[in-house]
Amino acid sequence: MADPKKLFIKTYGCQMNVYDSERMSEAMGGAGYVTTDSPDDADMILLNTCHIREKAAEKVYSELGRFKGLKADKPDLKIGVAGCVAQAEGEEIMRRQPLVDLVVGPQSYHRLPEMEAKTQQGEKALDTDFPEEDKFEKLKSRPKARRAPSAFLTVQEGCDKFCAFCVVPYTRGAEVSRPAERVLAEARDLVERGVAEITLLGQNVNAYHGDAPQGGDWGLARLIRELAEVDGLERIRYTTSHPNDMEDDLIRAHGDCEKLMPYLHLPVQSGSDRILKRMNRSHTAESYLRVIDRIREARPDILLSGDFIVGFPEETDADFEDTLKLVEQVRYGQCYSFKYSTRPGTPAAEREQLPEDVKSERLQRLQALLNQQQAEIQAAMVGREVGVLFEKKGRLPGQMVGKSDHLHAVYVQAPESLLGQVARVRITGTSSNSLAGELI
Ligand code: SAH
Ligand code: SF4
Ligand code: F3S
């Protein structure tokens with residue numbers, strides 16, 4: 001038998017892309033490929049790309065340029081671009097970088113094996129449709145291999161919200177939810193393969209409304225409650241959520257569903273109502289804070305995380321101060337913050353832009369405050385007891401690393417037999433991005 005061909009996938013962007021890359025490598029397994037972690041010995045290189053900010057998108061072209069030498073040495077090497085840049089730029093990619101053989105948008109991944117076959121005939125393959133069929137259903141050929149203890153599971157894709165800065169509604173299309181039964185079946189399969197924690201993914205995961213097994217539909221809270229019944233599944237998380245879709249039932253689930261972990265990523269983007277309006281966010285700073293209050297009422301120890309954009313068109317010093325004020329009020333455990341980046345085709349790209357130095361200065365001030373909050377919240381964990389799901393060995397002898405209930409990385413002296421298990425740990429120390437602890 002011929003040696004299997006080798007596939008190298010490099011993943012950029014959000015967790016959704018991480019999940020998609022896994023599914024694509026499994027689908028290509030059916031077409032005779034095994035994965036490799038080096039581009040040098042690959043027969044096919046696939047970049048799974050992100051279009052969210054200009055820098056992310058441009059990175060694709062510099063990365064592609066680097067494969068020139070490889071392709072010269074190995075003319076049979078196939079190079080593909082998947083993900084959100086593929087969707088947004090399509091043919092333009094092949095025009096700008098002729099060494100690309102294949103371009104596939106996020107909704108067409110199930111067609112990847114046939115597209116690869118086409119490239120083997122020396123043709124180029126391009127597919128950026130939004131087809132009717134369910135790509136995940138078609139991508140079903142998962143081999144029954146063991147999996148790491150923590151896994152992603154996409155339940156919802158796309159976005160109908162059209163924030164004025166954002167490309168996602170264009171690159172991922174309209175909001176679609178997977179039927180609940182398929183999600184449950186995939187979760188059971190993951191658990192059989194050693195998974196103890198599942199993070200449900202969606203661009204707006206809390207807008208989930210999937211067909212229910214007996215007719216009608218289920219929201220995210222119901223889906224979580226049903227998943228909690230799966231034996232062997234220890235922990236459930238979900239990301240990313242929109243403040244307007246935090247329904248009562250979901251907030252209640254944070255209080256009464258033990259397997260739902262006390263961590264919530266709830267982006268707000270800005271603390272200024274004027275800017276939120278121009279961003280088309282359809283919520284105010286006050287309504288966001290009220291949602292946070294209700295969540296904390298249901299689950300007082302919840303750790304909150306968020307996303308911020310600074311330097312959005314027309315953002316004044318006073319608007320930015322409102323953002324700092326909101327951060328002071330919420331007290332985040334962890335956050336992502338970005339300088340506004342103009343994205344072609346989005347409404348805000350047409351507006352007058354702020355100078356780069358203003359954006360940089362605001363980003364620095366915001367990040368200083370967010371880092372300080374993160375450090376304070378981590379310091380307050382010292383002495384507390386948490387659950388830790390052990391995911392791998394640490395760098396020191398006898399050390400294991402896992403994630404706490406609050407998603408902190410925790411380093412612990414522990415036997416390897418705890419891999420994939422949740423154990424009780426007392427936090428003993430904190431450093432910039434992780435905690436140290438001891439088994440109880
Ligand atoms: N669906 C999620 C997040 C999607 S994108 C939500 O609604 O919150 C992830 C984050 O990237 C966003 O929350 C935002 O903070 C950031 N982002 C999106 N577009 C951006 C742009 N044009 N410039 C800078 N940051 C952006
Ligand atoms: Fe983008 Fe807004 Fe949709 Fe989030 S809600 S994906 S930020 S358009
Ligand atoms: Fe990027 Fe697409 Fe995710 S633009 S953030 S990879 S949805």
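UniProt positions are given here in the numbering of this structure, and such annotations may be inferred rather than shown by experiment. The model itself is predicted.

**Annotated cysteines**

An unreviewed UniProt entry places the feature "binding site" at Cys14, Cys50 and Cys84. These positions are spread over 71 residues of sequence, yet they cluster in space, with a largest C-alpha distance of 10.4 Å. Cys14 sits in the loop that joins strand 1 (5-11) to helix 1 (15-30). With a relative accessible area of 38%, Cys14 is partly exposed. Cys50 occupies the loop between strand 3 (44-49) and helix 2 (54-65). Cys50 is buried because its relative accessible area, 12%, is under 20%. Beyond its neighbours within four places in sequence, Cys50 is in contact with Tyr12, Gly13, Asn17, Ala56, Ala57, Val85 and another of the annotated cysteines, Cys84.

**Surroundings of ligand 1**

Ligand 1 is surrounded by 15 residues, of which Phe165, Gln203, Gln269, Asp307 and Ser341 are the closest. By class, this shell comprises 6 nonpolar, 4 polar and 5 charged residues. Strand 15 (303-310) and strand 16 (334-339) each contribute at least two residues to the shell. Polar contacts of ligand 1 include those tabulated here.

| Residue | Protein atom | Ligand 1 atom | Distance |
|---|---|---|---|
| Arg53 | side-chain N or O | oxygen | 3.1 Å |
| Phe165 | backbone N or O | nitrogen | 3.0 Å |
| Gln203 | polar backbone atom | nitrogen | 2.7 Å |

On its own, ligand 1 has 540 Å² of accessible area, and the protein covers 89% of this.

Conventions
Residues numbered from 1 in each chain as written. Chains lettered and ligands numbered in written order. Predicted model: local features only at pLDDT ≥ 70, side-chain atom pairs only at ≥ 80, totals over all residues. Heavy atoms only, no water. Near = heavy atom within 4 Å. Polar contact = N/O pair within 3.5 Å; in protein donor to acceptor, adjacent residues only side chain to side chain. Areas by Shrake-Rupley, 256 points an atom, 1.4 Å probe, with all protein chains shown as cover. Helix = DSSP H or I, 4+ residues; strand = E, 2+ residues; numbered from the N terminus. Nonpolar A, V, L, I, M, F, W, Y, C, P; charged D, E, K, R; others polar. Buried < 20%, exposed > 50% of the residue type's maximum accessible area, 1.4 Å probe, protein only. Contact = heavy atoms within 4.5 Å.
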